[in-house]
Amino acid sequence: LILYLIEEAVVSTQSTGGLTYLDGRIWFRNYQIADEKEGGLVEVGPRFCLWLIKIFSGSFSGEVIYENPTYKSPNQYRTELKMEASMRYKIKAQKKEQKVEAEIIPKEDELDEIFHTITQNELKAV
């Protein structure tokens, strides 16, 4: 048992971590050194990423040092989706009202006069 614990301690000391800032997030990766001579790394985990919202001067309170300008709370995101859906409905309703209000006026055709049948009243008037 003691040899197993010592082996695990040696393996755990042969690891390194990586921090990367990409896409507005901090990415954490944990690697194990596979081959010391060649410097090969194998990702062993855990891996996770943090999306910073606010950084306070204290642990969980205090003056705000940093605030992410692109962050939207889930409530704000849902509200915007509902507003967008309601605007689409309002636009559709307005278009429907405009269609109903518009009168259909047929165009006068130039060929209507060609096949005009002369009535008896028109003959007497001539």
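Biologist: What should I know about the model and the numbering?
Modeller: It is a predicted model, where local features need pLDDT of at least 70, side-chain atom pairs count only at pLDDT 80 or more, and totals for chains, interfaces and linings use all residues. Residues are numbered from 1 along each chain as its sequence is written, and side-chain values use heavy atoms, with hydrogens and water left out.

Biologist: How many aromatic pairs are there?
Modeller: Two aromatic pairs. Rings of Phe, Tyr and Trp (its six-membered ring) pair if their centres lie within 6.5 Å; planes under 30 degrees apart count as stacked, over 60 as edge-to-face and the rest as tilted.

Biologist: Why is the pair of F28 and F48 stacked?
Modeller: Because the planes of F28 and F48 are at 20 degrees, with the ring centres 4.5 Å apart. F28 is in strand β2 (residues 25–35) and F48 in strand β4 (residues 48–50), 20 residues apart. Strands here are DSSP runs (E, at least two residues), as are helices (H or I, at least four), numbered from the N terminus.

Biologist: What sits over the ring of W51?
Modeller: The charged end of R25, 4.9 Å from the ring centre. The rule asks for NZ of Lys or CZ of Arg within 6 Å of the ring centre and within 35 degrees of the ring normal.

Biologist: Back to the strands. What does β2 pair with?
Modeller: Strand β1 (residues 15–22) is joined to β2 by eight bridges, running antiparallel. β2 also pairs in the antiparallel sense with β4 over three bridges, and with strand β3 (residues 40–43) over four bridges. Two strands pair if DSSP finds at least two bridges between them.

Biologist: Which residues stand opposite each other?
Modeller: T20 stands opposite W27 in β2, and F28 stands opposite F48 in β4. In β3, V42 is the bridge partner of Q32.

Biologist: What about the turn between β1 and β2?
Modeller: The two strands form a hairpin with two residues between them, and D23 in the turn has a positive phi of about 60 degrees.

Biologist: How many salt bridges?
Modeller: Two, by the rule used here, which asks for a side-chain nitrogen of Lys or Arg within 4 Å of a carboxyl oxygen of Asp or Glu. E80 forms one with K72, the closest N and O atoms being 3.0 Å apart. E84 forms one with R88, where the closest N and O atoms are 3.9 Å apart.

Biologist: Where do E84 and R88 sit?
Modeller: In helix α2, four residues apart, so about one helical turn separates E84 and R88. E84 counts as partly exposed at 46% relative accessibility.

Technical notes: Buried means under 20% relative accessible area, exposed over 50%, partly exposed in between (1.4 Å probe, protein chains only).
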